[in-house]
Amino acid sequence: MLSQIRALADKISPRLIEIRRHLHSHPELSGQEYKTAAYVAGVLSSCGLHVQEMVGKTGVVAELAGGEAEGILAIRADMDALPIRELTGLDYASDQLGIMHACGHDVHTTVGLGTAMILSQLEVPLPGTTRFLFQPAEETAQGARWMLKDGVMKDVAAVLGLHVYPSVMAGDIGIRYGALTAAADDLEIIIVGESGHGARPHEAVDAIWIASQVITTLQQSISRTQNPLHPLVLTIGQISGGRAPNVIADSVKLLGTVRSLHPDTREHLPQWIENIVAGVCQPYGAKFEVNFRRGVPSVMNDEALTQITQSCVEEAFGSEHVQLIYEPSLGAEDFSVYLEHAPGTMFRLGVGFHDRPVNYPLHHPKFEVDEMAIARGVVTMAYSACRYWASRTEP
Ligand code: NI
């Protein structure tokens, strides 16, 4: 099986690089992946898959029929780009001013397509159905929910995904057991005081001063009231309020993001924040509103599926190409939304250049990918799919 996958990957490699460069030159923003979706659908149709467009708004779903085995294996790739002006100077750089595939979703889409090409050409068809999910709007953490609403997880028994990573060298695959990324929730706090003359603070309720105490108290409370072994990051990234230097502000709005790894921590966050804000506001007579909006949960990699991917990498490329990841990231990834419906695992595809002193990070205008990683990604994904099916159908 592996030698067949390898041979097919070698054969399609030049075509995959062509596909990736095409996608890279024509990036589209979240929710506007019209041309990308049409292109993806075209490639999938030419592999003989049953293709559905406009799933989850601008997503594409394709099914590769197999044997009668129960449950569907889903393979997910995201397709959107970022509002970043590309500065790589590549001859296939973005032709859309201010839009760039700076998170490698062009590579994810290419690996998804390559996997479909390989699995559809296997001599012996897979024992069950494989469903390819090409989702829009990952960067805005909306696409997975759109796809889910359109029923893409129906009958899915497991889901596989990948993300490129520039600090892992091309050729290597990052494997993580347990939490890969954090839960990311949005926070809005509005503090309402009472306006007054800047010279007569005792006649007013200063919303700016109270807001500064709310921020300080929240940060200090993390250190004194939260389990230090359960990471929690609360960042207020935007603050607005006040009208003039000599007028006491009557209202301040704080906007932030809250990242956590442990489900218990996440569960009690809204109440914990509300209590702190109330405790600061009430003695001074300020009113407040706390709006905690749940974003995406943490990506929790399933142990058995992660084990399958790891052993596939070891067998295909050698154990020296497995990079075990010991620390989760507090970044967010909406792959986790699928994991609320079926177990799954996401691996990190190393795309860093060995011979460069600097590999620019994701979301950087000079972010680049060593394209030798694409074939590695395709072999890892296709072989993991085969091994998953073998694990399901072995007596
Ligand atoms: Ni990404």
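Thr 306 is found in helix 7, which covers residues 303-317; helices here are DSSP runs of H or I with at least four residues, numbered from the N terminus. The model is a predicted one, in which local features need pLDDT of at least 70 and side-chain atom pairs count only at pLDDT 80 or more, while totals for chains, interfaces and linings use all residues. Residues are numbered from 1 along each chain as its sequence is written, and side-chain values use heavy atoms, with hydrogens and water left out.

Because its relative accessibility is 1%, Thr 306 counts as buried (under 20% relative accessible area, with a 1.4 Å probe and protein chains only). Leaving aside residues up to four places away in sequence, Thr 306 touches Ile 175, Arg 176, Tyr 177, Asn 301 and Thr 345, contact meaning heavy atoms within 4.5 Å. Other buried residues of helix 7 include Leu 305, Ile 308 and Phe 317.

At the start of helix 7, a side-chain oxygen of Asp 302 comes to within 3.2 Å of the backbone nitrogen of Ala 304, and just after the helix Gly 318 adopts a positive phi of about 100°.

The packing of helix 7 against helix 9 (residues 372-393) is summarised here.

| Quantity for helix 7 and helix 9 | Value |
|---|---|
| Angle between axes | about 125° |
| Distance between axes | 9 Å |

Key:
Helix = DSSP H or I, 4+ residues; strand = E, 2+ residues; numbered from the N terminus. Buried < 20%, exposed > 50% of the residue type's maximum accessible area, 1.4 Å probe, protein only. Polar contact = N/O pair within 3.5 Å; in protein donor to acceptor, adjacent residues only side chain to side chain. Axes fitted to C-alpha atoms, helices over the stretch in contact; angles between N-to-C directions.
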